[in-house]
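Please look at the sequence and the model that follow.

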Amino acid sequence: MIILSNLLCTNMVKADDANDDGPITDIIKNESWEAAGNQLPRVSAGAAIVMDAQSGRVLYEKNAYKRSSIASTTKIMTAIVAIENGKDDEDVIVSKNAASIWGSRVGLKEGKTYKLGNLLNAMMLRSGNDAAIAIAEHVGGSVEAFAEMMNRKAAEIGATNTNFVTPHGLDDPQHYSTPYDLALITQYALKNEKFCDIVSRKSSSFEGKPINNTNEMLSLYPGADGVKTGYTGQAGRCLVTSATHNGWKIISVVLNCSSRSTRAQSSKILLDYAYDNYKLYDYLKEGQQITNVNIHKGLNKAVGIYSDKDISIPLKKDEVDRIKVEYNIPKTLEAPIQKGSSIGTINYVLDGKVLASTDVKAMENIKRKDFYYYFDQIFKTWARLVHQR
């Protein structure tokens, strides 16, 4: 019985991030790194996607909406939920449950106290399962309660084909996501500066010891600035990557790859494809005035309206002339108007599909002409006539 238990434990450890480190030089030597060119890329990943980080436009997909095991890419959601609900300097006391978890670990000791910020760093760089559980129990009160927080956040983001059971992502039939949902979750997380800072670090330290990021793309791909690796026996090698070139950030997700080199190669091919075949076109800037709208019964005759966000869309050359702009803005508004109130929307449409949309809002308060206004006008007219006599 003891021998069987030890064997089972050994096999489980083999199928986890704990054994997902490998010499980066071997990846370069043993794999072909040809760019995708103008053709649709062919990658060995079981499922994949490339998404524009701002607009959310999907630039490439392969089984992108199929439910899959996602291994430690789960920790993207763990991190953002913890960041939004905790503070770096909070004390976290490690439970027996956290200290005894198998697989990829950073060696947390039961009963010892660590800072939440340090645990986040250890979890995202070294993929510590023990750190993930400690974080979940501290922020959520229990692993189960924290998983509920993760699922609520997923629903809020729009990742509706996702279900989290654990904060670490070890294989569980009820724990799954899709490349598309993972890209949505990453798109959301990358809006958080603290998250971006953590996942972009190639190395750091934990408890006085150096730790290196398991994300090989940070060293292999120019402009790579995140995000998270994953590996279990069921999920295969997984990798979510973010990269930024000339201010344009994109996200790639590859799941169920056969090796670390395959997931790195697949990620590179997909990123190259996006940057080689698409160009980012800027249409609107946040706060940019768009036009004036007439006001009925307002103290002002018109009000300026502005975009509430930047609109930039990645397009292929043959798509640029096919973009249509739909202005859903009334010709006349009824006073009063409150500054910042939503007036309408602008949609950018390609071949019938909305690629980007923004609300347009009022630039100022406009009061309505009321009884006192008209009385004042009559009085001023009477006074002017009397003065003329």
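What volume does the largest pocket have? In this predicted model, the volume of the largest pocket is about 360 Å³. Its lining is made up of 16 residues, and Ser 55, Gly 56, Arg 57, Val 58 and Tyr 180 are the closest to the centre. The most comes from H8, which gives four residues. By residue type, the lining of the largest pocket has nine nonpolar, three polar and four charged residues.

The second largest pocket comes next, with a volume of about 270 Å³. It is lined by 14 residues, of which Asp 52, Ala 53, Gln 54, Gly 247 and Lys 249 are the closest to its centre. At least two lining residues each come from strand E9 (248-257) and strand E10 (279-284). Here the lining divides into four nonpolar, four polar and six charged residues.

Is Ser 312 buried or exposed? Its relative accessibility is 5%, and buried means under 20%, so Ser 312 counts as buried. Leaving aside residues up to four places away in sequence, Ser 312 touches Asp 52, Gln 54, Ser 55, Leu 280, Tyr 281 and Asp 282. With Asp 282 there is also a polar contact of 2.5 Å between the two side chains.

Key
Residues are numbered from 1 along each chain as its sequence is written. This is a predicted model: local features need pLDDT of at least 70, side-chain atom pairs count only at pLDDT 80 or more; totals for chains, interfaces and linings use all residues. Side-chain values use heavy atoms; hydrogens and water are left out. On a 1 Å grid over the protein atoms alone, a cavity is a set of points where a 1.4 Å probe fits but cannot get out, and a pocket is an open set with protein on both sides within 12 Å along at least five of seven lines; lining residues have an atom within 4 Å of a point. Grid points are joined across faces, edges and corners, and a volume is the space filled by probe spheres set on the points. Ala, Val, Leu, Ile, Met, Phe, Trp, Tyr, Cys and Pro count as nonpolar, Asp, Glu, Lys and Arg as charged, and the others, Gly among them, as polar. Buried means under 20% relative accessible area, exposed over 50%, partly exposed in between (1.4 Å probe, protein chains only). A polar contact is a pair of N or O atoms within 3.5 Å; within protein, one must be able to donate a hydrogen and the other to accept it, and residues adjacent in sequence count only if both atoms are side-chain atoms. Contact means heavy atoms within 4.5 Å.
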